[in-house]
Amino acid sequence: MGGNRVPRARACNPVPVADTDTGTPAEGRPENPAKPLAPGTLRRIERQAGTLASAAVARMDETLPWFRALPADQRSWVMLVAQAGVRSLVEWLRSGGTVAASTEISDEVFAAAPRALARVITLTHTVEMIKVTVDVAEAEVPGFAEPGEQEALIQAILRFSREIAFSAARVYARAAESRGAWDARLQALLVDALLRGDSSDVLASRAAALGWADASPVAVVVGRSPGGDITPVLHAVYRAARRARLEVIAGVHGDRLVVVVGGATDPVAAASALSSGFGVGPVVVGPAVPSLDQATESARAALAGFRAAPAWPGAPCPVAADDLLPERVLSGDMDARRKLRHDVFGALARAGSGLLETLDAFFASGSVLESAARELYVHPNTVRYRLRRVAEVAGLSALDGRDAFTLRLALTIGRLDPAT
């Protein structure tokens, strides 16, 4: 192995093994081939590879409590990595400590263990293991050196440990990138399932794969995507969610950014905390539902509100989908039509006490109390009382221009389709 790599290493500006790290990039250093270590030194280190690896693992067992708690199979993986590290050190020394060879060899150290090891042992734990191994090597290996080579060998160990640390960082970075890409695909599939109205089982399985805690209540927020690459768009949403301590799943669907928010008792306030992640345009918040299983209803309302929002130029941002019921009805949303018919017209009809007749007279008189009272042959205070009852029953005030628009539309829909 070493013989095959030496020619490649010599083409890449070899660095002396005994040279300390000055912070200067390796490729910018002057060509200065390292003096090879004595063959006897290399042979002694190679013969003791198993002993050194065992000593390193024994030291880990003494000094690292989390290492002692690992199952036997995972400890054996670490042993494989330690043995591969000692073998790679010998090859690295034989190659003259060149950067090209060290990059290849140090990557091979972690290839000795299954990829699952990166999910079991954190990067912090890996750094601790490297430190223990380097301490053992510093204490043991110099005794194998030929006379006059101890200092060069110590410097070589330190430089090789740096290469191993960089290699560990590469392993975990690749694992994180792979996990991030997979999570992004899962989130996109979950958002797509929400928008399509897939079954609750499909939603639950995909959410479980993402580690979704299903914190109640759940609401869906829809706005325009800022555009560009999807990854930074989603990262901006996640950063805002972490600051607001919200659980979110996000995905870009066409030109829309769809965010599922969990654990927000006030969905509109939660959407306001996430608004920096959306592009220019309306941000619509669907109604809160108890769990992700029912989030399709919230997503449907939010999407309908997003389509209808341009009809209300003065709408707040973010705006609740239920505040856009008139615009949603006019754009053909049957859910909004049913909601106005049942929750507004039906509620007023069930309440009785002449509330519908009072509203008819009030709107017909141009919203003038006295004129409505004359039309109904009652005192103006009676009209005032009935309008307060309308606000209590339907949650809408006929004295407010926006609410009056919603009430008039609800009366029209209720009479066109009287089923409540």
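Is Phe363 buried or exposed, going by its relative accessible area? Phe363 comes out buried, at 10% (buried is under 20% relative accessible area, exposed over 50%, partly exposed in between, with a 1.4 Å probe and protein chains only). The model is predicted, so local features need pLDDT of at least 70 and side-chain atom pairs count only at pLDDT 80 or more, while totals for chains, interfaces and linings use all residues. Residues are numbered from 1 along each chain as its sequence is written, and side-chain values use heavy atoms, with hydrogens and water left out.

Phe363 pairs with Phe362, 5.9 Å centre to centre with 55 degrees between the planes, which makes the pair tilted (rings of Phe, Tyr and Trp, the last by its six-membered ring, pair if their centres lie within 6.5 Å; planes under 30 degrees apart are stacked, over 60 edge-to-face, the rest tilted). Phe362 is buried too, at 1% relative accessibility. The structure holds two aromatic pairs; Trp66 and Phe67 form an edge-to-face one, with centres 6.1 Å apart and planes at 85 degrees.

Now for the charges. The count comes to 11 salt bridges (a side-chain nitrogen of Lys or Arg within 4 Å of a carboxyl oxygen of Asp or Glu). One of them joins Asp333 and Arg328 at 2.8 Å, N to O, and both residues are buried. Another links Asp343 to Lys339 at 3.3 Å; here Asp343 is partly exposed at 34%, as is Lys339 at 30%.
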